[in-house]
Amino acid sequence: MEKTPLEIIQTLKDVPAMPNVIIKALNIIKDDKAGTKELSEIMSYDQALTSQVLKLVNSAYYGFAQEITSIKNAIALLGMTQTKNIVIAVALKPMLTSQCGRDMWKHSIKAAIACEHIAKCTDTIDSADAFTIGFLHDIGKVILNLSSNQKYQDVMNRVKDGEDELVAEENVFGINHTEAGFLLVKRWRLPVLLANCIKYHHDPFSSSMQKASCLIYIANQICQPEENNIDKRALEEFNIDMSTITQFKEEVNELMESFFVTFNEKV
Ligand SMILES: [Fe+2]
Ligand SMILES: [Fe+2]
């Protein structure tokens with residue numbers, strides 16, 4: 001029987017598409033004190049995950065001269081948070097890809113890289129937090145797809161016909177992906193900053209954490225294939241203009257290339 005997005009969120013731990021390793025990885029995001037032992041432990045359950053993480057850590061994106069051969073070694077060189085980011089990105093790949101297609105995973109990675117890059121350049125929020133915010137911003141779409149792939153197809157058709165994406169989701173599912181994502185991360189008890197950014201990434205001015213919400217809003221905008229139509233108030237928040245956005249776009253594309261080489265993917 002088909003479940004509503006809300007039912008999905010309530011029973012997510014029982015959904016087969018949600019492997020144990022993801023639950024464990026998410027527990028590690030919310031636990032600030034989680035250390036090398038916990039991270040190495042979740043990796044030990046999944047050899048394929050470990051080898052993909054090590055491949056990425058050794059990619060041009062991180063640019064280390066010496067080869068990193070273990071998770072412990074990665075944590076020592078990259079730091080705990082960066083290593084967590086990589087584990088999350090790799091661990092969630094199968095779920096994002098199976099529910100929403102490869103483009104969704106690529107979009108999530110690109111937004112993560114964009115968010116991290118803009119956070120670094122503008123020195124606003126912690127750039128390591130920014131990566132996770134970018135990566136998870138559209139996680140609500142996974143919930144909508146888990147609820148019904150067929151209905152999500154209907155949403156996409158409506159968008160193709162010119163309906164606004166959030167409105168189409170509300171019409172078809174009764175909830176949009178920002179709200180579904182917000183409820184999900186709240187249920188997972190992930191940090192408030194993350195929940196807030198997910199909820200307001202299309203409407204940053206309604207957020208009580210405006211700077212961080214504007215950051216993910218801009219990052220998401222620069223990841224769109226079409227011409228950007230960024231609200232001026234968001235640019236003012238960071239004292240930047242459209243020429244900086246063009247520059248960010250180029251830099252993010254370059255970073256993406258060095259990231260994706262590892263996965264044999266094209267940007
Ligand atoms: Fe979105
Ligand atoms: Fe997005």
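**Helices and a buried core**

User: Which residue takes a positive phi just after helix 11?

Analyst: G162 does, with a phi of about 105 degrees. This is a predicted model, in which local features need pLDDT of at least 70 and side-chain atom pairs count only at pLDDT 80 or more, while totals for chains, interfaces and linings use all residues. Residues are numbered from 1 along each chain as its sequence is written, and chains are lettered from A and ligands numbered from 1 in the order in which they are written.

User: What makes a stretch a helix here, and how many are there?

Analyst: A helix is a DSSP run of H or I of at least four residues, a strand is a run of E of at least two, and both are numbered from the N terminus. By that rule the protein chain has 17 helices and zero strands.

User: How do you know how far to trust the model?

Analyst: Look at pLDDT, the predictor's confidence in each residue, from 0 to 100. The protein chain has a mean of 84, and 87% of its residues reach 70 or more. Over residues 13-18, though, the pLDDT is below 50.

User: What makes the span of helix 17 close to the expected one?

Analyst: The expected span is 1.5 Å times one less than the number of residues. Helix 17 has 19 residues and reaches 27 Å from its first C-alpha to its last, close to the 27 Å expected.

User: Why are its buried residues said to line one face?

Analyst: In helix 17, V252, M256 and F259 are buried. Seen down the axis, the buried residues fall within an arc of 60 degrees, so they line one face of helix 17. On the other side, S243, T246, Q247 and E250 are exposed.

User: What makes a group of residues a nonpolar core?

Analyst: Such a core is a set of buried Ala, Val, Leu, Ile, Met, Phe, Trp, Tyr and Cys residues joined through C-beta atoms within 7 Å. The largest one here has 72 residues, and C115 is one of those with the most contacts inside it. Helix 8 gives the most to this core, with nine residues.

Notes:
Buried ≥ 20, exposed ≤ 12 C-beta atoms within 10 Å, placed from the backbone. Arc of directions from axis to C-beta. Contact = placed C-beta atoms within 7 Å.
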